[in-house]
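These are my notebook entries on one protein structure.

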Amino acid sequence: MSVIVDETVLLRYLLDDDPYQSPRAAELIATGEVRIYPEIITRTVVTLRDVYDVPRPEIARAMTALLDDVLVNEPTVCALAIRIFGRMQMDFTDCLLVARTAIYGDDIKSFGKPIIQGVADYQAARGGDGTGGHGARDDGSSEGDRGGRGDGSSTAARGGRPGSTDRTIDRLRAAGNRRR
């Protein structure tokens, strides 16, 4: 049985900024039973960016490391969306849409230009059509899993945070302290 957590648990785990809640979050995640959904990842990413002023590349590193420690719905989509977010100036929700387009070949229909430009920017950064053959058009349109290593273990369950995750948490904590 999995346990669904919200962004408050993930933030305490990633930022390690609360003497009571952060260890509890780490213990919970260490069970290997924590499940998160793309919308929780979105809320976590937005909070790190908007409240804690964490740079996009740092958020991408932290969220990528987190995917090793939790169960994730659509892990491939989430991993790609996180990579896109770290490299592009797009909202995370749009990154999820672009990732789904690239992976599933779904169409994106939008009355707003930002997502179309985001798809075009993503395609250009990949050196081609990263949307599985579907492209963006000027008319406003464009043509449960386990996250982690795949061996059933999580970084937290394997003995805690690895050094790279600790460094990422230290950078997130420093960014959060600058904000306060």
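I began with a term: a strand is a DSSP run of E of at least two residues, numbered from the N terminus. The model I examined is predicted.

**Entry 1: R35.** I located R35 in strand β2, which covers residues 34-36. Is R35 buried or exposed? I found a relative accessible area of 14%; the limit for buried is under 20%, so R35 counts as buried. I also noted that the side chains of R35 and N73 are joined by a polar contact of 2.6 Å.

**Entry 2: helix α2.** I listed S22, A25 and I29 as the buried residues of α2. They lie on the same side of α2, because their arc around the axis is only 60°. In general, an α-helix has 3.6 residues a turn, so residues three or four places apart point the same way. I looked up what covers the buried residues of α2 and found, among others, α1, β2 and α4. Just after α2, I recorded a positive phi of about 75° at G32.

**Entry 3: the largest nonpolar core.** I noted 40 residues in this core, and those touching the most other members are I36, I41, L48, M63, L66, I84 and F92. Which element gives the most to this core? I found that α5 does, with seven residues. For F92, I recorded contacts that include I41, V45, A81 and F85.

**Entry 4: helix α5.** I checked the length of α5, residues 75-87. At 1.5 Å a residue, its 13 residues should span 18 Å, and the end C-alpha atoms are 19 Å apart, which agrees. Among the buried residues of α5 I listed V77, L80, A81 and I84.

How values were computed: Residues are numbered from 1 along each chain as its sequence is written. This is a predicted model: local features need pLDDT of at least 70, side-chain atom pairs count only at pLDDT 80 or more; totals for chains, interfaces and linings use all residues. Side-chain values use heavy atoms; hydrogens and water are left out. Helices (H or I, at least four residues) and strands (E, at least two) are DSSP runs, numbered from the N terminus. The expected span of a helix is 1.5 Å times one less than its number of residues. Buried means under 20% relative accessible area, exposed over 50%, partly exposed in between (1.4 Å probe, protein chains only). A polar contact is a pair of N or O atoms within 3.5 Å; within protein, one must be able to donate a hydrogen and the other to accept it, and residues adjacent in sequence count only if both atoms are side-chain atoms. A nonpolar core is a set of buried Ala, Val, Leu, Ile, Met, Phe, Trp, Tyr and Cys residues joined through side-chain atoms within 4.5 Å. Contact means heavy atoms within 4.5 Å. The arc is that of the directions from the helix axis to the C-beta atoms.
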